[in-house]
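Here is a friendly note to go with the model you are about to open. Please keep the viewer at hand while you read.

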Amino acid sequence: MKKHPFRFLHLILASSSIRLLCVAFVLIPGLLSAQNSPSDAEQIHHNDKTYYEAVQLALNKAFETEKQRLRGEVGHSIATQAQLDFYSRKLQGQYDYQAGRLYEVSSLFYWFNELGNDSLSRQVLELFKAGETERCTLLLENAKLLERVQEASQQQWGQIDLKKEEKRQQDMVALMLLAEIYQITLATDKAENLYDQLLRLDSNLSLQRAAAAFYYGNNCRVKALNLLPSLVANPELKKEDQARLYEQMGDLYTSLGQLELALGAYLAHQKANAEILDAFPDQFLVKEQLAIAQEKIGMTYFAMGDLESALASFEERLRL
């Protein structure tokens, strides 16, 4: 029988197709997984979001616990709607303050994760992400971190062990994390005491900013004012942060009745925002901050009895 002239060609094509299919089965899953695998930036965003959600969960849990505690402690003594409103506003104010700082706290957790490679770091983060804030707190409290930092701080600079110094920095981050957890769980007395101790051991910018934010938010006015003047003078501070801290200084001085110092802080707040606006003319929020600064300047002049300057400030506020 005569063989079909194209039979071998069919066999070659068939075998080639089989080989191509095999190659495709090997390569395509790899290509798909490469396409679906997150980039470094996406992974960082996912981790940051995870910590943010964990902090939100911990915060909500803490405030539910606080509500129950308040009901138990003062429920029997609340006799009027005004008293109920007072406790509700107090609790809501604490929640709003903490909720406004959630992103900063979650960033600190992410930073802790990046720096800490030991088992303590991993345990703390896993407990926190699981919502186990009480166990997380106990773990950090019992790790003797403060004692280690105090011992390391007593070393002479000429005799410093670089490995111990790196461990000291990790311990400092862990202690700042503990202070943040105290705030989230409303253990503000413990947080204040810890910040007081940490500031005696270190004066880095991150610690000063965290402590100043805590003191300001929890009405520790004198302690906040002990930090803020040197903090706003730090050249590493961004102009936007500097402007915000000047406003806080003005508010604190006003609350203490020190109007001349308050006026100086508000004028600095105004100047900082004006400089930002010169560099970025389209920034609406900066314009709004500039208007707020102008209004507070006018109110301070009015409280000081300088009505002419107050009127000029309010007129400028209206032009803005």
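1. First, the ground rules. This is a predicted model, in which local features need pLDDT of at least 70 and side-chain atom pairs count only at pLDDT 80 or more, while totals for chains, interfaces and linings use all residues. Residues are numbered from 1 along each chain as its sequence is written, and side-chain values use heavy atoms, with hydrogens and water left out.

2. On the overall fold: the protein has 15 helices and zero strands. Here helices (H or I, at least four residues) and strands (E, at least two) are DSSP runs, numbered from the N terminus. Of the contacts in the protein with a separation of 6 or more, 58% join residues 24 or more positions apart; contact means heavy atoms within 4.5 Å.

3. On burial and surface: 36% of the 320 residues count as buried. Buried means under 20% relative accessible area, exposed means over 50%, and partly exposed is in between (1.4 Å probe, protein chains only). The protein exposes about 19,900 Å², and carbon and sulfur atoms supply 57% of that area. These areas come from the Shrake-Rupley method with a 1.4 Å probe; for residues, only the protein chains shown count as cover.

4. Which residues touch the most other members of the largest nonpolar core? They are Tyr 195, Leu 198, Tyr 215, Leu 228 and Met 249, in a core of 59 residues. Helix H8 (residues 162–184) gives the largest share of this core, ten residues. A nonpolar core is a set of buried Ala, Val, Leu, Ile, Met, Phe, Trp, Tyr and Cys residues joined through side-chain atoms within 4.5 Å.

5. Tyr 215 deserves a look of its own. Neighbours within four places in sequence aside, Tyr 215 contacts Glu 192, Tyr 195, Asp 196, Leu 199, Cys 220, Lys 223, Ala 224 and Leu 227. Gly 217 lies in helix H10 (residues 205–217) and counts as partly exposed, at 33% relative accessibility. The C-alpha atoms of Gly 217 and Gln 248 are separated by 9.9 Å, although the two are 31 residues apart along the chain.

6. Now the helix pairs. Two packed helices are described by the angle between their axes and the distance between the axes. Axes are lines fitted to C-alpha atoms, for helices over the stretch in contact, and angles run from 0 to 180 degrees between N-to-C directions. For helix H13 (residues 259–279) and helix H14 (residues 284–303), the axes come within 9 Å and cross at roughly 160°. H13 and H14 are therefore roughly antiparallel to each other; angles under 35 degrees count as roughly parallel, over 145 as roughly antiparallel, 65 to 115 as roughly perpendicular and the rest as oblique. Their crossing is left-handed, meaning that the near helix is turned anticlockwise from the far one by less than a right angle. Among the residues making the contact are Leu 263, Tyr 266 and Gln 270 of H13 and Leu 290, Ala 293 and Ile 297 of H14.

7. Asn 273 lies in helix H13 and is buried, with a relative accessible area of 4%. Beyond four places in sequence, Asn 273 is in contact with Ala 243, Val 286, Gln 289 and Leu 290. Gln 289, in helix H14, is partly exposed at 27%; with residues up to four places away not counted, Gln 289 touches Glu 247, His 269 and Asn 273. Gln 289 and Arg 244 are 8.9 Å apart, C-alpha to C-alpha, and 45 residues apart in sequence.

8. Residues at the contact include Leu 145, Val 149 and Ala 152 of H7 and Arg 168, Met 172 and Leu 175 of H8. The crossing of H7 and H8 is left-handed.

9. Finally, two loop residues for your backbone check. Most residues other than glycine have a negative phi. Lys 144, in the loop between helix H6 (133–141) and helix H7 (145–153), has a positive phi of about 60°. Leu 186, in the loop between H8 and helix H9 (188–201), has a positive phi of about 65°. Is Leu 186 buried or exposed? Leu 186 is buried, with a relative accessible area of 15%.
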